[in-house]
Amino acid sequence: MQRIGVFVCHCGTNIAGTVDVSQVAEALSHEPGVVYSKDYTYMCSATGQGMLKDAIRDYNLTGVVICSCSPRMHENTFRKAAEQAGLNPFMLEIANIREQCSWVHKDMAIGTAKAIVLGRAAVAKVNLNAPLTSGETAVTKRALVIGGGIAGIQTALDIADAGFPVDIVEKKPTIGGKMAQLDKTFPTLDCAACILTPKMVEAQQNENITIYSYSEVEDVKGFVGNFDVKIRRKARYVDETKCTGCGLCTEKCPMKKVPNEFNLGMDSRHAVYIPFAQAVPKVATIDPNYCLKLKSGKCGLCSKVCSVGAIDYTQKDEIIEEKYGAIVVATGYNPISLDKFDEFAYSKSKDVISSLELERLMNAAGPTGGTLLRPSDGTHPHTVVFVQCVGSRCEANAEKGKEYCSKICCMYTAKHAMLIRDKYPDTDVYVFYIDVRTPGKNFDEFYRRAVEQYGVHYIKGMVGKVTPEDGKLKVQASDLLDNRQLKIDADMVVLAAAIEPDKSARPLATMLTASMDTNDFFTEAHPKLRPVESPTAGVFLSGVCQGPKDIPETVAQAGAAASKAIGLLCKDKLKNNACVAESNEMMCNGCSQCEKVCAYGAITYVDKEFRMPDRTTQVRRVASVNPAVCQGCGACASACPSGAMDLKGFKNDQILAEVDALCR
């Protein structure tokens with residue numbers, strides 16, 4: 001029988017407001033094995049930890065139960081304190097009487113009774129706990145950044161500046177992401193390319209950074225400190241080591257009616273192309289869907305004009321296998337599809353555009369050379385209507401849009417309105433909004449400048465319908481403040497589309513065994529204490545893959561993710577999880593079910609010789625667990641049909657003892 005100490009935390013009024021903590025401590029003092037039971041205001045404080053250490057020494061405790069908040073918050077805190085007092089850290093259990101009890105009950109009698117039951121279950125488990133020891137594994141001192149937008153670039157630069165090699169994997173032919181498509185940035189209205197391009201060049205020139213553009217992560221195995229990653233480098237049909245980026249091949253290519261995705265299909269490019277002038281790497285890419293040579297075997301003109309012989313029509317996809325100690329996800333975002341919003345005539349009129357399309361129209365490198373022209377006839381628009389929250393905050397119709405606020409729309413619309421009014425004072429600008437949200441530094445001042453200095457008409461109300469008629473866009477809307485209906489003849493309508501995670505995020509999360517929310521944003525380990533860490537150890541989050549944010553916030557989070565990755569890479573060795581699977585070889589029937597469900601490749605099968613009761617020998621196929629690879633997820637234990645696979649620290653008898661205690 002163990003000598004167990006029980007400590008019940010008040011957590012201020014978080015627990016004590018709904019649970020009679022002194023009654024819980026008294027009730028648990030009578031449980032089998034308990035020799036000490038006490039309540040205290042804040043167990044996680046230095047005084048509380050000191051109390052824990054003193055009790056372990058004074059009462060010769062062999063096990064400890066802390067009745068407090070979630071083990072996600074302070075399990076490591078209490079385990080370290082126990083270890084400092086000479087107790088094996090895995091002889092400590094936490095009963096979550098805050099999130100699972102006090103926070104979900106209002107009646108003190110019910111909350112107290114449930115807290116006692118939860119504490120009783122933890123005591124029952126500690127009575128069957130055994131000391132565990134963690135092993136160690138070496139750390140691969142190399143980082144992988146998935147995504148080459150501003151978040152990925154900044155993360156890679158910070159890690160590289162700390163002296164660690166880092167690889168950027170970007171699925172497009174160039175790094176830069178969405179920021180490369182912007183004209184100006186808020187709230188300073190400085191040139192997006194002027195900020196981004198030096199970062200792109202710096203990443204390319206940094207000796208610790210390798211850029212795998214036009215590439216995708218295909219497979220991820222392993223665990224924190226030792227990830228095995230397969231990267232598919234798609235065939236460009238151009239030798240990157242030879243191409244000088246002169247652009248002669250793009251000029252001579254006869255196939256020049258290919259929709260230009262960088263300009264969102266508003267103009268055309270050639271089948272061989274460089275996305276934009278400042279592309280990094282500045283290497284041509286041949287689009288196999290449109291190249292005449294690759295499709296029909298004819299043409300080949302780009303190969304003939306290339307003076308350095310960089311064109312290679314035989315090039316194939318290449319698989320690169322690399323080991324990494326840390327992975328940073330920076331997969332970015334995309335505006336949602338506007339096809340479902342027929343009331344705004346997006347699919348009916350070329351003059352109804354998205355905000356990102358407006359960015360390209362106003363950009364000097366865009367399809368119109370920076371001149372704002374109507375896509376339908378190339379004339380100058382004199383009345384522009386902006387519609388806010390298109391697809392954002394759609395609580396009533398989540399299938400059509402997103403329930404969340406996209407955070408950046410109010411500010412980029414104010415930016416667009418100011419730029420139009422500044423460059424074209426003869427253009428009237430109307431902004432229809434639900435609420436104007438300006439939470440960042442100097443953001444509210446920026447919005448007020450649009451109204452007061454530039455004369456933008458902000459109208460609180462909804463646009464009900466946009467109808468193309470006689471070369472105009474008939475906008476029907478409501479003004480909620482004046483309680484009237486409006487009809488505006490607009491030349492152009494701009495829709496502030498919601499943003500959503502890139503489509504690559506969910507399959508990538510599956511490969512990384514990382515968590516996602518219902519909107520496909522990556523879930524952080526803790527929203528306040530660990531905002532850039534994934535619940536999967538060694539995987540960090542950077543930028544909009546974790547949630548909507550603007551450029552300054554993205555860069556700040558990129559630096560935070562980099563610092564966490566650097567902290568990991570600085571270590572020579574990591575302690576393994578002590579709660580790993582183990583196989584009872586006498587019960588194992590060699591069915592391979594556990595091997596199939598293991599996400600980490602920790603289980604293999606070996607032929608082992610057994611001596612039978614009649615003194616004969618028998619060779620059987622049994623499961624063998626590599627404790628350095630096992631992450632203790634428990635999938636194998638639940639899948640094993642014979643009950644041979646068990647999990648240290650969570651053995652069947654320990655779990656059943658908790659169940660029995662709960663049912664008493």
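Let's start with Arg 269, which counts as buried at 7% relative accessibility; here buried means under 20% relative accessible area, exposed means over 50%, and partly exposed is in between (1.4 Å probe, protein chains only). Its side chain meets that of Glu 261 in a salt bridge, at 3.2 Å from N to O. A salt bridge is a side-chain nitrogen of Lys or Arg within 4 Å of a carboxyl oxygen of Asp or Glu. Glu 261, at 43%, counts as partly exposed.

A word on what you're looking at: this is a predicted model, where local features need pLDDT of at least 70 and side-chain atom pairs count only at pLDDT 80 or more, while totals for chains, interfaces and linings use all residues. Residues are numbered from 1 along each chain as its sequence is written, and side-chain values use heavy atoms, leaving out hydrogens and water.

Back to the salt bridges: a search of the whole structure turns up 36. Another one joins the side chains of Glu 582 and Lys 651, at 2.2 Å from N to O. This pair links distant parts of the chain, 69 residues apart, with Glu 582 in strand β31 (residues 581–583) and Lys 651 in the loop between β34 and α18. Helices (H or I, at least four residues) and strands (E, at least two) are DSSP runs, numbered from the N terminus. Glu 582 is partly exposed at 28%, and Lys 651 is partly exposed at 25%.

That loop between β34 (645–647) and α18 (652–663) also holds Phe 650, which is partly exposed with a relative accessible area of 41%. Together with Ile 655 and Val 659, Phe 650 forms a nonpolar patch on the surface, with about 230 Å² of accessible area. Patches are made of residues with over 30% relative accessible area and no salt bridge, joining like charges within 9 Å and nonpolar side chains (Val, Leu, Ile, Met, Phe, Trp, Tyr) within 5 Å. Areas come from the Shrake-Rupley method with a 1.4 Å probe, and for residues only the protein chains shown count as cover.

Now for the cysteines. There are 0 disulfides, a disulfide being a pair of cysteine sulfur atoms within 2.5 Å. Take Cys 409: its sulfur is 6.5 Å from the closest cysteine sulfur, in Cys 389, so the two are too far apart for a bond. Cys 409 is buried, at 6%, whereas Cys 570 is partly exposed, at 49%.
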